Amino acid sequence: MPRALISGISGQDGSYLAESLLREGHEVHGLVRRSSLEVPHVKMSRISTVMDQLTLHPCSLESQTALFEVVREIKPDYLYHLGAQSFVSYEIDQEYATLDTNLGSTHALLSAVMRFAPHCRFYFAASSEMFGHAETSPQNESTPFNPRSVYGISKLAGFHICKSFRENEDIFACSGILYNHESPRRGKEYVTQKIISQAVAIHRGHSNVIKLGNLDARRDWGHAKDYVEAMRKITEFDKPDDFVVASGRTHSVREFCEKAFSLLDLDFEDFFECDPRFFRPSEKTPLCGDATKAHEELDWAPTHDLDTIIEEMMDCELERTASFTN
Ligand code: GDP
């Protein structure tokens, strides 16, 4: 039975990946923060239905010793490194933590693999943020990187660490350069889930306003379930390589709002308030991915478009909040 280890297993992607690997007969291990284990109903809700089939290891991504210990003990056949400080922030303390966690953990896990499980196939969750202010759109694997956030810089460094272990140490280390991917399991700090939950709150009469930043910002949004399947195809491919994973289409935040509110027969413009706090430093080139290489070499294609993603997120939010009515 293949043995997989997932860092970030309790997050959106980690939870879908764990379910997918369990379905395929893997033994699945996950790294979780000790503090999360103390409040499982809050921090582990995404993996609650498969919890009894997983082996969880309390381990901080900041501790090189702890990461080494877990890899030495498990000797995984696959290691999916999804754990990271993942929210794009421009605050100095947050930026320090982002660099510290994201670079340190990637280097420590790859070093541990090299030492204790050199046969292991290592997947790194790279990000479209690495393209930042890209010169061209859409971006593919040959587009020069130009990150503009510390998060993007940390991911680009992780990407190069991975490449260096592949080329210099002969480790099967690969990266998926994933564009935004959403689902009912997305955190509320992301604009998609914020819009869905606010729309439902307005629909239920619990709120009458939605405060957002730049409505003209565009994103290439896909479904996390599809992107997790791409991760598996990348690690199961016959050679280690890097792939862009994207839908290839962008939509504006405004379009997302209009679609979501119209599902509830509401006009988004009646409730929208512009809030400068949610504006980001300039977003020049729209990030749009060209996943031709993944289509051709991995036979991967997304199965959800934006409408189906919004509908699923909306249905889940309506169901989740049904008991709060009245
Ligand atoms: P990101 O791609 O990781 O930054 O994902 P987000 O979901 O946080 O943001 C997506 C886009 O929505 C960005 O271009 C933001 O500028 C834009 N946006 C507009 N209003 C908001 C808001 O209220 N919150 C967030 N998070 N993003 C917003």
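**Entry 1**

I started with Lys-75, which sits in the loop between α4 (64-74) and β4 (78-81). I am working from a predicted model here. I then looked up how open the site is, and Lys-75 turned out partly exposed, with a relative accessible area of 39%.

I found another residue of this kind in Asp-265, a non-glycine residue whose phi is positive, near 55°. Asp-265 belongs to the loop between α9 (253-262) and β13 (272-274). At 74% relative accessibility I can call Asp-265 exposed, because the cut-off for that word is over 50%.

**Entry 2: a cis peptide bond**

Next I checked the peptide bonds. Ser-137 and Pro-138 are joined by a cis one, with omega about 0°. I placed Pro-138 in the loop between β5 (121-127) and α6.

**Entry 3: Arg-166**

Staying with α6, I went to Arg-166, which is part of this helix (residues 150-169). Is Arg-166 buried or exposed? I read a relative accessible area of 13% for Arg-166, so it is buried, the limit being under 20%.

I also asked what Arg-166 touches beyond its neighbours within four places in sequence. My list has Ile-171, Ala-173 and Cys-174, and also Pro-240, Asp-241 and Asp-242. One of these, Asp-241, came up again when I went through the salt bridges: it is linked in a network with Lys-239, Lys-293 and Glu-297.

**Entry 4: salt bridges**

My search of the whole structure gave 19 salt bridges.

In one, the side chains of Glu-27 and Arg-3 meet at 3.1 Å, N to O. Glu-27 is in strand β2 (residues 27-32) and Arg-3 in strand β1 (residues 3-7), so this bridge ties together parts 24 residues apart in sequence. I noted Glu-27 as partly exposed at 26% relative accessibility, and Arg-3 as partly exposed at 28%.

In another, Glu-62 pairs with Arg-33, with 3.1 Å from N to O. This pair links distant parts of the chain, 29 residues apart: Glu-62 is in the loop between β3 (54-58) and α4, and Arg-33 in the loop between β2 and α2 (34-38). Glu-62 is partly exposed at 38%, and Arg-33 is partly exposed at 36%.

For the pair Arg-254 and Glu-269, I again read 3.1 Å, N to O. Arg-254 lies in helix α9 and Glu-269 in the loop between α9 and β13, so the bridge joins parts 15 residues apart in sequence. I have Arg-254 down as partly exposed at 29% and Glu-269 as partly exposed at 42%.

**Entry 5: around the ligand**

I finished at the ligand. Which of the 15 residues around the ligand come nearest? I found Lys-194, Gly-213, Arg-219, Arg-280 and Glu-283. Sorting the shell by class, I got seven nonpolar, three polar and five charged residues.

Then I looked up polar atom pairs. A ligand nitrogen is 2.8 Å from a polar backbone atom of Gly-213. A ligand oxygen lies 2.6 Å from an N or O atom in the side chain of Arg-219, and for the side chain of Arg-280 I read 2.7 Å from an oxygen of the ligand to an N or O atom. As for cover, the ligand on its own has 530 Å² of accessible area, and the protein covers 96% of it.

Technical notes:
Residues numbered from 1 in each chain as written. Predicted model: local features only at pLDDT ≥ 70, side-chain atom pairs only at ≥ 80, totals over all residues. Heavy atoms only, no water. Helix = DSSP H or I, 4+ residues; strand = E, 2+ residues; numbered from the N terminus. Buried < 20%, exposed > 50% of the residue type's maximum accessible area, 1.4 Å probe, protein only. Contact = heavy atoms within 4.5 Å. Near = heavy atom within 4 Å. Polar contact = N/O pair within 3.5 Å; in protein donor to acceptor, adjacent residues only side chain to side chain. Areas by Shrake-Rupley, 256 points an atom, 1.4 Å probe, with all protein chains shown as cover. Nonpolar A, V, L, I, M, F, W, Y, C, P; charged D, E, K, R; others polar. Salt bridge = Lys/Arg side-chain N within 4 Å of Asp/Glu carboxyl O.
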